[in-house]
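Welcome! Please take a moment to look over the sequence and the model below before reading on.

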Amino acid sequence: MKRIVVGMAAAMSLVATGALAADLAAKPYVKAPVMVDPVWSWTGFYAGLNAGYSWGRAETTVAPIALPFPATQFGAFGQNVDGWLAGGQLGYNWQIDPKWVVGLEGDIQATGERSSRTATTTSARYGSNIIGIPGGTDFNSIATLTANLSYDLQWFATFRGRVGVLSDPQTLWYATGGLAVGEFKYSSATALGIQVFGPGLGGTTPLGGFNLPIGAGVSSTDTRVGWTVGAGVERKFTRNWSAKLEYLYMDFGSKTYFVGTANQADVSFHDHVLRAGFNYAFTPTPVVAKY
C-alpha cells in the first residue's frame, strides 16, 4: 500500500511540472505599430491668413490705328504692375506616411497692384503736301500719338494641390499648382496731336496745332482664368499652429480689349507672388504607419 501511495505522488509531481513548463514557454514576438508623434501630425483641416508682395507684368500690343496723318504706330511694350497683397487660405492635409503629406488649398487675396503709363510716339517731319492739301509746300507738321493706359489687378484667388516631404516631423517642404482666377481692369484713352511749323517744308517756327481724341477714354473690368505653380515651406510650432513662406507664379494669358476702336490692344498678364502666413490646424490626428 505504501508503495502505491508513493507512486501516485510521483506521477502527480510529474504532471504538475509539465504544466508549469508549458506556462513558462516563450510566446511569439509581435512588433508594435510605429506611430508618428501625434503632437506633429499634419492630417486635418486648417485655415490661416497671409500677406506679401507681388511683382506683376503686363505686356501690351496696340493694334495699328488708321489715320489721315503719317503718325508712328505704338507697337508692343511692357509695364510693371507691382503691389502689396493680403488674404486668407483654407485647406486640408493628408499625412500618408511619416514622410509625405498631400493636400488641397484655396486662397483669396486683395491686392494693391496698380500701374499706369503714358505711351507716346512722334512722327518724322512731313510736308502738308503729304496729306493732299493744295499748296502743301507752305508748311510742315509733326504728328504725336499719345495713349494713357492703366492696369489694375483688383483681387485673385487660387485653387491648388500640394505635395510635400517632411524633413523632420515639424517641417514640410512642398510644391503646389493649380487654377488661378483674378479680376483685371484695363483702361485706355488715345489722342492724336498735330503741331504745324513753317515756313515751307523745312521751317521750324511753330504756327499752331490741334489735338484729336481719336480714342475716347474706355475701361474694362473682367474676371480672367489662368494657372499657377509654386513652392513653399511650412513649420509647426505647436500641435495646431504653423507658419509658412510661399512663392507662386501666376499666368492669366492674353485678352483683346476694345476691338474695332483706336484703343484696341492685346494685353497679357503674369505675376510673381511672395507671401508669408500662418495656419491653425483644427483636427490634427496621429498617423499610424502600417507594416
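This is a predicted model: local features need pLDDT of at least 70, side-chain atom pairs count only at pLDDT 80 or more; totals for chains, interfaces and linings use all residues.

Residues are numbered from 1 along each chain as its sequence is written, and side-chain values use heavy atoms, with hydrogens and water left out.

Let's begin with the strands. Strands (E, at least two residues) are DSSP runs, numbered from the N terminus. Two of them pair if DSSP finds at least two bridges between them. Here are two pairs to find in the model.

| Strand pair | Direction | Bridges |
|---|---|---|
| E7 and E8 | antiparallel | 26 bridges |
| E8 and E9 | antiparallel | 10 bridges |

Now for the turns. The hairpin of E7 and E8 has six residues between the strands, and its Gly 200 takes a positive phi near 70 degrees. Pro 199 sits in the loop between E7 (171–198) and E8 (205–236), and the peptide bond from Gly 198 to Pro 199 is cis, with omega near -5 degrees. E8 and E9 are joined by a hairpin of four residues.

Finally, visit Phe 258, in the loop between E9 (241–257) and E10 (265–281). Its phi is near 55 degrees, a positive value in a residue other than glycine. Most residues other than glycine have a negative phi, and most peptide bonds are trans. Is Phe 258 buried or exposed? Phe 258 is buried, with a relative accessible area of 17%; buried means under 20% (1.4 Å probe, protein chains only).

Definitions and conventions: Buried means under 20% relative accessible area, exposed over 50%, partly exposed in between (1.4 Å probe, protein chains only).
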